[in-house]
Amino acid sequence: MNYRDFGKTGEKISALGFGCMRFPEYKEGEKNLVDQDKVDEMIAYAYENGVNYFDTAPYYCNQNSEAALGHAVKGFRDKILISTKCPINAGMGADGYRKFLEQSLTRLGTDHIDFYHFWGINRGSFNDIIVPEGLLEAAQKAKEEGLIRHISFSFHDHPSAIKHIVDTSEERGVPMETMLCQYNLLDRSNEEMIKYVNEKGLGTVAMGPVGGGRLAAPTELYTKLTGKPSIATYELAFKFCLGNPSLNCALSGMQNLDMVKKNIKVASDDTAFSEEEWEQLGSAMESIKKFSELYCTGCKYCQPCPADINIPRIFEIYTYYNVYGLKDHAKNMMRDYKNRGGKTFSDCIGCGACEDKCPQHLEIRKNLEKVMKIFEE
Ligand code: SF4
Ligand code: SF4
């Protein structure tokens with residue numbers, strides 16, 4: 001297993017982190033239960049083969065993930081790092097923070113959490129809840145009492161909010177120590193901020209390194225990007241994430257022992273990733289996009305559309321289909337978009353307002369029609 005310095009936390013973290021959001025489950029009547037025997041086996045194998053970071057959260061696996069993880073690590077709790085998360089709700093205050101923390105400690109069956117995250121925060125929840133309701137101070141107090149060892153956050157917002165959160169926490173005397181955010185070959189929007197916070201000394205963890213399953217689909221993407229023989233897609237995902245020198249750990253939500261074994265094999269191979277290949281993959285990906293016949297940057301200048309058509313989303317789905325070659329996944333994305341009431345070319349009133357505003361001068365109407373035809377087939 002490869003290990004990295006986890007920012008300035010003083011910890012060494014395994015390059016592969018175990019995401020505990022997809023534990024195997026079964027149904028008993030109406031209830032969804034975790035298959036504890038399988039979880040115990042997967043977690044023990046991961047630990048024995050060097051994985052030391054296990055990331056859970058109160059609501060994962062129908063609220064059973066924390067307890068299942070706690071059970072599985074009983075024999076080696078002090079040799080690993082446990083990460084879990086505090087849900088952020090308006091009005092919760094310091095007492096609410098404490099209540100969630102105590103619940104997690106109980107479920108995990110431990111007296112301390114190594115990395116306790118403000119969960120899935122954004123600029124709004126940081127400014128309107130975390131700061132004014134004294135949650136930073138509540139975290140500091142819990143740290144002083146030894147209930148948590150490091151203060152962390154996980155993030156879902158525009159990347160610029162990361163800087164605001166990290167800098168403001170620091171100014172208020174409760175610096176964030178690690179960050180968990182979305183990052184993968186298909187979504188590099190947080191890349192610059194990962195570098196920024198890592199330079200400031202924060203540990204960095206990527207969630208969704210396989211793009212929420214996207215890269216788990218079979219594809220010839222690696223060959224397309226490098227000209228080399230194709231490799232398994234999860235391997236490509238790790239190559240990209242772990243080649244980034246500012247990133248300390250890539251989480252994978254592992255569902256079975258086979259996945260655990262495969263991921264560990266890649267994360268343990270020193271030759272599997274390098275900064276050089278990371279740069280090569282990133283720039284090859286950019287040029288593939290640029291030279292595709294429909295180069296939508298996702299800038300959203302064409303929005304809003306009077307017919308409420310989410311043009312950048314539709315073109316993004318097409319990019320998955322056409323550029324990345326993830327056809328089945330793109331079809332699922334389109335199905336999902338439509339199921340949620342997403343409008344398509346058939347709703348277009350032909351006003352042309354979008355085309356006047358598109359900096360890429362795309363023939364939006366023509367392309368929307370083309371894309372719709374492909375997905376209707
Ligand atoms: S031409 Fe169609 S897609 Fe473009 S803004 Fe008008 S209604 Fe929306
Ligand atoms: S304005 Fe053009 S490039 Fe920007 S999101 Fe819309 S279609 Fe894409």
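I began with helix H7 (residues 160-171) and helix H8 (residues 191-199), which pack at an angle of about 15° with their axes 9 Å apart. Because of that angle, H7 is roughly parallel to H8. The model is a predicted one, in which local features need pLDDT of at least 70, side-chain atom pairs count only at pLDDT 80 or more, and totals for chains, interfaces and linings use all residues. Residues are numbered from 1 along each chain as its sequence is written, chains are lettered from A and ligands numbered from 1 in the order in which they are written, and side-chain values use heavy atoms, with hydrogens and water left out.

I noted the terms for this entry. Helices (H or I, at least four residues) and strands (E, at least two) are DSSP runs, numbered from the N terminus. Axes are lines fitted to C-alpha atoms, for helices over the stretch in contact, and angles run from 0 to 180 degrees between N-to-C directions. Angles under 35 degrees count as roughly parallel, over 145 as roughly antiparallel, 65 to 115 as roughly perpendicular and the rest as oblique.

**H7 and H8, continued**

On the H7 side, the contact (heavy atoms within 4.5 Å) is made by Ile-162, Lys-163, Val-166 and Asp-167, and on the H8 side by Met-193, Tyr-196 and Val-197. I sorted these residues by class and got five nonpolar, no polar and two charged. Ala, Val, Leu, Ile, Met, Phe, Trp, Tyr, Cys and Pro count as nonpolar, Asp, Glu, Lys and Arg as charged, and the others, Gly among them, as polar.

**H4 and H6**

I then took helix H4 (residues 93-108) and helix H6 (residues 135-144), which pack at an angle of about 45° with their axes 8 Å apart. H4 is therefore oblique to H6. The crossing of H4 past H6 is right-handed. H4 brings Gly-93, Ala-94, Tyr-97, Arg-98 and Leu-101 to the contact, and H6 brings Leu-135, Ala-138, Ala-139, Lys-141 and Ala-142. By class I listed seven nonpolar, one polar and two charged residues for H4 with H6.

**Ligand shells**

For ligand 1, I found 13 residues around the molecule, with Cys-305, Cys-348, Cys-351, Gly-352 and Cys-354 coming nearest (near means that a heavy atom of the residue lies within 4 Å). The shell around ligand 1 has ten nonpolar, two polar and one charged residues.

For ligand 2, I found 15 surrounding residues, the closest being Cys-296, Cys-299, Lys-300, Cys-302 and Cys-358. Their classes are eleven nonpolar, three polar and one charged. Helix H13 (residues 311-322) gives the most to this shell, with three residues.

I went back to Lys-300, which lies in the loop between H12 and H13. Its phi is near 70°, a positive value in a residue other than glycine. Lys-300 counts as exposed, at 54% relative accessibility (buried is under 20% relative accessible area, exposed over 50%, partly exposed in between, with a 1.4 Å probe and protein chains only).

I placed Pro-304 in the loop between helix H12 (275-290) and H13. A cis peptide bond joins Gln-303 to Pro-304, with omega about -5°. I noted for reference that most residues other than glycine have a negative phi, and most peptide bonds are trans.

**Other residues**

- I checked Gln-63, in helix H2 (residues 60-63); its phi is also positive, near 70°, and at 43% relative accessibility Gln-63 counts as partly exposed.
- I found Tyr-320 in helix H13, buried with a relative accessible area of 2%. The C-alpha atoms of Tyr-320 and Tyr-222 are separated by 14 Å, and the two are 98 residues apart along the chain.
- I located His-150 in strand E9 (residues 148-155), buried at 6% relative accessibility. Leaving aside neighbours within four places in sequence, His-150 is in contact with Thr-9, Glu-11, Asp-114, Phe-115, Tyr-116 and Glu-177.
- I found Ser-246 in the loop between helix H10 (233-243) and strand E12 (249-253), buried with a relative accessible area of 11%. Not counting residues up to four places away in sequence, Ser-246 touches Ile-194, Lys-195, Asn-198 and Thr-204.

Note on methods. A crossing is left-handed if the near helix is turned anticlockwise from the far one by less than a right angle, and right-handed if clockwise.
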